[in-house]
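Q: Hi, could you walk me through this one step by step? I will ask as we go.

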Amino acid sequence: MGLTKNSTGIMSVDTGFVVTKNHETDKIIALAGNPNVGKSTVFNSLTGLKQHTGNWPGKTVTNAFGTCKHNDKDYILVDIPGTYSLMAHSKEEEVARDFICFGNADKIIVVCDATCLERNLNLVLQTVEIKNNVIVCVNLMDEAKRKKIDVNLEKLQQLLGVPVVGTDASKGKGLKELLDLVENTETKPVTVRYVKPIEDALLEITKLLKTKIKDTDLNLRWIGLKLLDCNHELISCISKYVGYDLEADYDFKKIRENLADNGYYGQKLTDTIVSCIVLTAEDICNEAVVFNNKKYTSFDRKIDRILTSRITGVPVMLLLLGVVLWITIVGANYVSDYLSLALFWLEDRLVDFFSFINAPKMLYEIIVYGVYRVLAWVVSVMLPPMAIFFPLFTLLEDLGYLPRIAFNLDKTFRKCNACGKQALTMCMGFGCNAAGVVGCRIIDSPRERLIAMITNSFVPCNGRFPTLISIITMFLVFSVTGTVQSFFGATLVTLFILFGIMMTFFTSFVLSKTMLKGEVSAFTLELPPYRKPKIGRIIFTSIIDRTLFVLGRAIVVAAPAGLVIWVLANVSVGGTSLLLYCSNFLDPFARLLGLDGVILLAFILGFPANEIVIPIIIMAYMSTGTLVGITDLSVLRDLLITNGWTWVTAISTMLFSLMHWPCSTTLMTIKKETGSIKWTVLSAIVPTLCGIVVCTLFNLLVLLIL
Amino acid sequence: MHNLYTLKDLDIDDVGYVSSLIAGDDIRRRLLDMGLVEGTKVMCVLKSPSGDPVAYNIRGAVVALRNADSEKILLKYNM
């Protein structure tokens with residue numbers, strides 16, 4: 001989920017996995033594990049970083065880095081994306097496997113979920129097959145205890161032959177012990193036994209490898225296994241890594257052919273290898289884990305039956321969205337009022353101050369009416385809904401609700417020839433479209449992933465839905481007050497978001513029938529157990545985090561935009577201000593969409609960050625009028641009406657805000673993720689075209705009816 | 001009654017044992033990674049509003065599969 005400043009905006013762009021040490025003595029520790037086992041929590045607790053955590057599989061999609069100190073030694077930690085397997089059938093698995101195989105980690109910690117150890121051991125066994133430097137961290141021990149699952153760690157350590165430590169990372173339990181083990185070098189990992197013909201071939205091939213490869217930290221038995229399994233891409237990587245061309249060697253081919261003569265080749269060979277690993281995991285689990293309460297999941301299933309049933313599933317989903325938006329609107333109204341009072345009081349004081357020191361009028365007008373005012377608008381109007389929505393959404397995420405949304409909506413996505421996991425990436429889009437685009441990596445099929453990326457901006461991101469909220473509050477629900485107002489407001493925002501979702505379905509469908517034709521691919525989605533969120537921490541960190549993020553961006557983006565607007569409005573050529581030139585130029589086209597030149601100009605200037613669109617509109621209108629101070633939203637409403645706004649303008653602006661080019665960061669991310677100009681351009685064209693068409697149609701319809 | 005049916009035929013709370021996979025490469029690997037090897041016990045736990053996908057308890061984890069995929073997993077009544 002893109003809900004921290006490290007995972008939204010420009011920070012969401014992946015940096016690859018080149019790990020450089022600060023000192024020669026630094027040790028690199030890689031954190032591997034199944035998706036959603038609390039890996040990021042372990043990582044955060046160790047490093048003190050705020051890598052985003054949440055209760056759904058696939059949240060960490062890039063390698064994250066952090067450092068920590070233990071017993072006066074420095075460690076660099078790498079959080080690898082969660083995978084079920086290292087057989088590399090998706091992008092994340094490839095990243096994980098390559099880092100484990102060819103990365104320069106000194107230790108690999110495989111984090112496991114104590115409540116679901118058997119499936120997790122599959123990955124542990126695959127990892128110890130590759131390298132000898134593995135530590136197993138059994139996380140969520142407290143949750144297992146609550147569910148009366150008894151994990152015998154000593155037994156587990158004895159069976160696996162590698163150090164095992166139990167932790168509960170969210171409470172910081174066991175982490176010290178975990179770091180103590182990093183210095184422990186003794187491991188005698190268990191060997192997965194395969195069926196006899198494969199074992200015979202492995203014995204032979206390992207003997208050969210010993211003579212050909214002198215020095216490597218990869219287990220020769222594993223290289224042998226991969227040679228038998230015939231994964232060309234991986235073998236050529238291994239060849240490069242060990243400095244010996246394995247593929248050209250005829251000896252290996254002969255052993256492989258012998259095995260094939262015994263009936264083990266292709267699918268049967270691969271299936272047998274996987275089965276042996278899974279069954280070994282099952283045996284180990286049977287010995288080390290006791291389930292004292294067989295019905296430990298029954299409570300989760302009761303909740304699930306409400307959240308996903310035929311009758312209540314979809315209504316509950318809509319209700320939750322509505323409630324979240326309602327709380328956002330009500331809360332934002334309060335905060336907004338106080339903030340704008342305070343900030344515009346401060347504006348007057350700034351003016352007083354500048355006149356007191358006799359600053360040149362031109363200078364302080366630029367600073368106060370240009371830069372400061374846009375900042376003030378961003379902070380007072382846009383920030384409150386952003387800062388309130390975030391923790392609410394994080395709450396749903398931590399509970400584990402988001403995968404249920406994907407579960408409920410998968411059929412609709414499949415009808416559009418897309419993947420249900422697109423629902424998860426859309427949820428991320430609510431936080432930040434750039435993060436949503438990166439999140440699309442959880443979708444395995446490249447075709448479906450592209451569809452999800454191109455359509456992601458139909459979900460109004462955190463910088464855009466305050467636009468919807470403020471227009472709705474100022475304009476559409478102005479005649480009613482109090483609870484009725486916020487109720488109507490929330491309903492309208494929900495409807496707009498639903499419209500965006502419908503457009504997502506529609507464009508996904510059109511794309512899958514035209515440029516991205518293809519069959520639906522396989523779909524597996526894990527529904528994690530519900531977990532109790534740490535409410536206090538969520539509220540605190542996400543509000544602080546969001547506030548800092550918005551403030552930072554306001555300074556970088558909104559302040560220069562304020563400067564530009566002020567200059568445009570105050571520099572005149574032939575008696576007409578530049579602003580008027582620009583808006584007059586855009587006006588005829590904008591009118592077609594039910595907007596005006598100023599609004600369209602604001603959307604263009606808002607390309608770096610959508611939250612400055614409304615502030616720019618206000619600024620531009622104010623610069624042409626004589627209005628001085630604005631104390632509340634009703635004055636703003638009057639300002640808009642004076643400038644020719646009607647409810648049609650309001651709705652058109654909202655529609656265009658929902659559907660226009662994605663912000664610069666999102667487009668950069670799409671370019672980075674797809675590596676293709678074509679898809680990046682298409683990602684800008686598709687929503688823009690939809691916006692133009694929908695706005696034009698809407699205005700035609702209004703003309704016809706009225 | 002013949003002794004072979006598919007995962008798709010399971011109703012909520014029904015249990016079956018994997019007999020074999022007839023799925024193609026792509027999904028096959030994914031299912032195997034989830035631990036669906038021969039003899040694995042599977043229980044149907046949850047159906048989505050439209051009845052597709054359906055979630056199953058596989059080796060302690062709840063995993064949702066589409067009917068189009070689950071009908072490629074052959075089951076037997078006993079281990």
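Predicted model: local features only at pLDDT ≥ 70, side-chain atom pairs only at ≥ 80, totals over all residues.

Q: OK, how many helices and strands does chain A have?
A: Chain A has 28 helices and 11 strands, and its C-alpha atoms fill a box of roughly 90 × 55 × 50 Å, taken along the principal axes. Of its 706 residues, 51% count as buried.

Q: What would the radius of gyration be for a compact globule with 706 residues?
A: A compact globule with 706 residues would have a radius of gyration near 27 Å, and chain A, at 29 Å, agrees with that. Looking at contacts in chain A with a separation of 6 or more, 73% of them come from residues 24 or more positions apart.

Q: Now the sheet with six strands in chain A: what is the strand order?
A: The six strands form an open sheet in the order 2-3-1-4-5-7, and the pairing is mixed. Strand 2 (64-70) and strand 7 (164-166) of chain A stand at the edges, and because each has a single partner strand, one side of each is left without a neighbour in the sheet. From one strand to the next, the twist averages 25°.

Q: Which helix packs on that sheet?
A: Helix 2 (residues 91-102) of chain A packs on the sheet and touches strand 1 (27-33), strand 3 and strand 4 (107-113) of chain A, while the direction of helix 2 makes about 145° with that of strand 1 of chain A.

Q: Going back to strand 2 of chain A, how many bridges join it to strand 3?
A: Seven bridges join strand 2 of chain A to strand 3 (residues 73-79) of chain A, and these two strands run antiparallel. In this pair, Ala64(A) stands opposite Asp79(A) in strand 3 of chain A.

Q: Switching to chain B, in what order do its elements run?
A: Chain B has two helices and six strands, and from the N terminus on its elements run β-β-α-β-β-β-α-β. The radius of gyration of chain B is 11 Å, close to the 12 Å that the globule rule gives for 79 residues, so chain B is as compact as a globular protein of that length.

Q: What percentage of chain B counts as buried?
A: Of the 79 residues of chain B, 52% count as buried, and the C-alpha atoms of chain B fill a box of roughly 30 × 30 × 25 Å along the principal axes.

Q: What is the order of the open sheet of seven strands, then?
A: That order is 9(A)-5(B)-4(B)-3(B)-2(B)-6(B)-1(B), with antiparallel pairing. The edge strands are strand 9 of chain A and strand 1 (5-6) of chain B, each of which pairs on one side only. Helix 15 of chain A packs on this sheet, touching strand 9 of chain A together with strand 4 and strand 5 of chain B.

Q: And is strand 4 of chain B mostly covered or mostly exposed?
A: Strand 4 of chain B is mostly covered, as four of its five residues are buried.

Q: Last one: in the hairpin of strand 3 and strand 4 of chain B, which residue takes a positive phi?
A: Gly51(B) takes a positive phi near 85° in that hairpin, which has six residues between the strands. Strand 3 (residues 41-47) and strand 4 (residues 54-58) of chain B pair in the antiparallel sense over five bridges, and Met43(B) stands opposite Asn57(B) in strand 4 of chain B.

Definitions and conventions:
Residues numbered from 1 in each chain as written. Chains lettered and ligands numbered in written order. Pairing = 2+ DSSP bridges. Axes fitted to C-alpha atoms, helices over the stretch in contact; angles between N-to-C directions. Contact = placed C-beta atoms within 7 Å. Rg over C-alpha atoms; globule rule 2.2 N^0.38 Å. Buried ≥ 20, exposed ≤ 12 C-beta atoms within 10 Å, placed from the backbone.
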